[in-house]
Amino acid sequence: MSTASVVPTASVTAAPVTPAGPAARRQVPVGWLAVLAAPIAMGANAPVLIMGDLARSLGVAQTTATWLVTSFAWAMTVGTPLFAALLRQRGARPVLLTGSALVAAGTLLVTLAPWLPLALVGRAGQALGGAGLVAVAMNLAGSARRMGVITAGFGMLGASGPLLGSLLAGAVSGRLALALSAVALFAVPAVWRRAEGTPTAPGAAFDPRGASLVVALVSALVLLPTVPLAAAGAAVVVAALLAVHVRRHPEGFVPAALLRSRTFLTSALFACTVSTSYFALLFSLPRLIARRTDWSTGAVGTGQLLALLAGAALSWLLAAASGRLGHRRVLALLAALGALAPLTAALADRAPLLLLAATAAVFVSTSGNAVLSVRVAKAAPAGQSPTAIGLFVLCYQLGGALGPALAATLVLS
């Protein structure tokens, strides 16, 4: 997903599995999987152009209102590996049920909350539930091509989020724009009927201490742009505790084998980097274009929509062709464009160039998520693919939390 989103945002997958027998015949149509997952990115990105409206609605400063984005991305990040563990142990249907309930409750809360703290709880609930729905969708993808459809849907709906959020805010209210994630609930019945063949590991034990340390580490990292010294100190302490825990429990929430895997580490670092860049640009570009050009808000929203849609569509083409191109060529292309996007945004003073940077950023972020998630799943030790992909996507989603915070610190303030 972009997704935050976040998304978009955003995804949790198991190994690309081709079910046998009856499960193969009951494979969920990829369109339903895209509907289940992609609206989370739309809801994550909906506040991009309406932060001022949301701030006034809640009686806070605009920089404070960006916590609506950060809390969403944080909850998606911590929810990703937690739901991956639940999916591995219990299967798809419990995750669908839990995720749907959280999305529905969070949406109701965020649309009615009179105060920012309550709205933040609602946004976190939406994101936690969204992480569960995305977990199921990506677990059932089964191939790079189908996964590319889902991640491209993330990019496209994530791209439409800012403009649609602006239109809803103008016509009704900004609170309604925050409810866009609930569109995913329409796909739940169709996926529920076909989800019973999902592979599980019912004997796997949950590692609560490892999960708590991961949540604490992610929370400290999310706060780095706002309180860098305190957050960095907390992150170092928690990382040390987590390292000790992994040595004592090598098969726990963070398997030691993954931390020794070069494929996993490089893929996760790349995903976090390009995701941070994309989400920072997503929230910065409207303000940068307004400062450096004479474009209206409507023109900026439309231009950004077209730019992000183009990048998302191109990412699906790259995901589909990645097997023929080879991993090294694909990674070299993504790395080059990933470096050019923020450089262009920093130096360009024309709107078309700034929008081109947005196209490159979403292309790199979405393509990297689709291609590298498949690679990580294939390289994971036997039985650890869901865990590997859950932690990989945690790193991707971490960029969805860091990016808006960086934008708020460097551009929006």
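Where is Val60 found in this chain? Val60 sits in the loop between α4 (51–58) and α5 (62–65), with helices taken as DSSP runs (H or I, at least four residues) numbered from the N terminus. Bear in mind that this is a predicted model, where local features need pLDDT of at least 70, side-chain atom pairs count only at pLDDT 80 or more, and totals for chains, interfaces and linings use all residues. Residues are numbered from 1 along each chain as its sequence is written, and side-chain values use heavy atoms, with hydrogens and water left out.

**Val60 and its surroundings**

- Val60 is partly exposed because its relative accessible area is 25%; buried means under 20%, exposed over 50%, and partly exposed in between (1.4 Å probe, protein chains only).
- Leaving aside neighbours within four places in sequence, Val60 is in contact with Ala55, Ala65 and Leu116, where contact means heavy atoms within 4.5 Å.
- Thr366 is another matter: 306 residues separate it from Val60 along the chain, and the two C-alpha atoms are 33 Å apart.

**Helix α18 and its partners**

- Helix α16 (residues 297–325) packs on helix α18 (residues 351–379) at about 35 degrees, with the axes 7 Å apart. Axes here are lines fitted to C-alpha atoms, for helices over the stretch in contact, and angles run from 0 to 180 degrees between N-to-C directions.
- Residues making the contact include Gly303, Ala307, Gly311 and Leu314 of α16, plus Leu355, Ala358, Thr366 and Ala370 of α18.
- By class, the α16–α18 contact has 13 nonpolar, eight polar and no charged residues. Ala, Val, Leu, Ile, Met, Phe, Trp, Tyr, Cys and Pro count as nonpolar, Asp, Glu, Lys and Arg as charged, and the others, Gly among them, as polar.
- Helix α17 (residues 327–347) also packs on α18, at an angle of about 150 degrees with axes 8 Å apart, and this crossing is left-handed.

**Cores and an aromatic pair**

- The largest nonpolar core has 48 residues, and Tyr278, Leu282, Leu285 and Leu308 have the most contacts inside it. Such a core is a set of buried Ala, Val, Leu, Ile, Met, Phe, Trp, Tyr and Cys residues joined through side-chain atoms within 4.5 Å.
- A second, separate core of 45 residues includes Ala73, Leu258, Phe270 and Cys395.
- Beyond its sequence neighbours within four places, Leu285 is in contact with Gln304, Ala345, Leu354 and Ala358.
- The aromatic count comes to one pair. The ring centres of Tyr278 and Phe279 are 4.8 Å apart and the planes are at 55 degrees, so the pair is tilted; Phe, Tyr and Trp rings (six-membered ring for Trp) pair with centres within 6.5 Å, and planes under 30 degrees apart are stacked, over 60 edge-to-face, the rest tilted.
- Tyr278 counts as buried at 1% relative accessibility, and Phe279 counts as buried at 0%.

**Two other spots**

- Gly153 is in helix α9 (residues 144–171) and is buried at 13% relative accessibility.
- Gly153 and Ala34 are 119 residues apart in sequence, yet 6.0 Å apart C-alpha to C-alpha.
- Ala182 lies in the loop between α10 (174–177) and α11 (188–194); leaving aside neighbours within four places in sequence, Ala182 is in contact with Val103 and Thr107.

Terms used
Helices (H or I, at least four residues) and strands (E, at least two) are DSSP runs, numbered from the N terminus. A crossing is left-handed if the near helix is turned anticlockwise from the far one by less than a right angle, and right-handed if clockwise.
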